[in-house]
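Hello,

Here is the structure I said I would pass on. Please have a look, then read the notes below.

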Amino acid sequence: MSVETFELVPGYQVSRMLRGAWQLAGGHGPVDQDRAVAEMAAFVDAGITTFDCADIYTGAEELIGRFRASATREQRARLKAHTKFVPDLGQLHRVDRAYVTRVIDRSLARLRTERLDLVQFHWWDYEVPGWQEAAGHLVDLQKAGKIHLLGGTNFDTWHSRALISAGYPLVSMQSQYSLLDSRPEQGLVPLCAAHGMKLFCYGTLAGGFLTERWLGQPEPDRLENRSLVKYQLIIDDIGGWDLFQALLACLKRIADKHGVGIGNVATRWVLDRPQVAGVIVGARYADHLPANLATFGFVLDEADQAAIDAVLAQRRPLAGDCFDLERDRAGRHGRIMKYDLGDAPA
């Protein structure tokens, strides 16, 4: 089966499943760096040619850079490496042109490239001034040839619109989007449609909740990592464990019908949403690659969609329209971080 592709802008093609590199940062457990680099070839050869990383994913950019240096000419030609510009929360008030340039130059060196394919801008706290100026510095670096395309990460609709109005050429926004969390539909998706912007979606499996592992299981008292904690809170917010189990049972019936897994159905559902260019699936190694590729071997028909819609109609809506900054800020200074950049480390 072939991995679907998407033309983000004319002449720039990405795979609709992106290999997420946050698990290479080490927070999810020890990383065999040599194995991780060697197995990147399996992703590219299978058609997953677009990798997603960030300057704050410790070591991830360097590992992708190592792969780029060792890859074949064909693999290098197909590879797209998307990164992020994420200034430190405690340094936001100090972000100036020199700061932005220094971080972008560091990413260029780490990724061993002369031009970054896509830089996705994130700003932790809108109450700290400077985010529009920082965006302007990125545009200047794009004009200087250091960046090809510019996107965003976890900007809500209002601030995304403000960036667009200020002339920041957003081609994409990375956002949490899943059967459990469809907040982008409340504002971000219409904005994307109006301005030709696309979504790269993470959290499509809700940290692993949208898999067979949790089907028929009682609600857990303790969870093994912070990612699961944040998604359990989302389950509580949309209607609770019984509704979640009803959704899993529905997905299992559809998965069995097509000979795939629950995770494939959940991923296919997101891929079929308007304005979605691709989904980001985290992976340290290639162990789950064959299972992930099964997402492209079936189609959700009208009966499947109707069955899913019947369960989703029972959800309570989540507050906000995208990344919830207030809850994130509270979580960072408290016990957990509820919504963050990708799945948080254990």
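The surface first. E219, D221, D236 and D242 form a negative patch there. Keep in mind that the model is predicted.

Where is E219 placed? E219 sits in a loop, with strand 9 (198-202) on one side and helix 8 (226-238) on the other. E219 is partly exposed, because its relative accessibility is 38% and that class runs between the 20% and 50% limits.

Now T50. This residue belongs to strand 4, which covers residues 50-52. Is T50 buried or exposed? T50 is buried, because its relative accessible area is 0% and buried means under 20%.

Next, H195. Look for H195 in helix 7, residues 188-195. H195 has 43% relative accessibility, so it counts as partly exposed. How far apart are H195 and A144 in space? The C-alpha to C-alpha distance is 24 Å, and 51 residues separate H195 and A144 in sequence.

Last, E4. E4 lies in the segment before strand 1 (5-9). E4 counts as partly exposed too, because its relative accessibility is 26%. From E4 to P274 there are 270 residues in sequence. In space, E4 and P274 are 15 Å apart, C-alpha to C-alpha.

Over to you.

Best wishes

How values were computed:
Residues numbered from 1 in each chain as written. Predicted model: local features only at pLDDT ≥ 70, side-chain atom pairs only at ≥ 80, totals over all residues. Heavy atoms only, no water. Patch = residues over 30% accessible without salt bridge, like charges linked within 9 Å, V, L, I, M, F, W, Y side chains within 5 Å. Areas by Shrake-Rupley, 256 points an atom, 1.4 Å probe, with all protein chains shown as cover. Salt bridge = Lys/Arg side-chain N within 4 Å of Asp/Glu carboxyl O. Lys, Arg positive; Asp, Glu negative; His and termini not counted. Charge placed at Lys NZ, Arg CZ, Asp CG, Glu CD. Helix = DSSP H or I, 4+ residues; strand = E, 2+ residues; numbered from the N terminus. Buried < 20%, exposed > 50% of the residue type's maximum accessible area, 1.4 Å probe, protein only.
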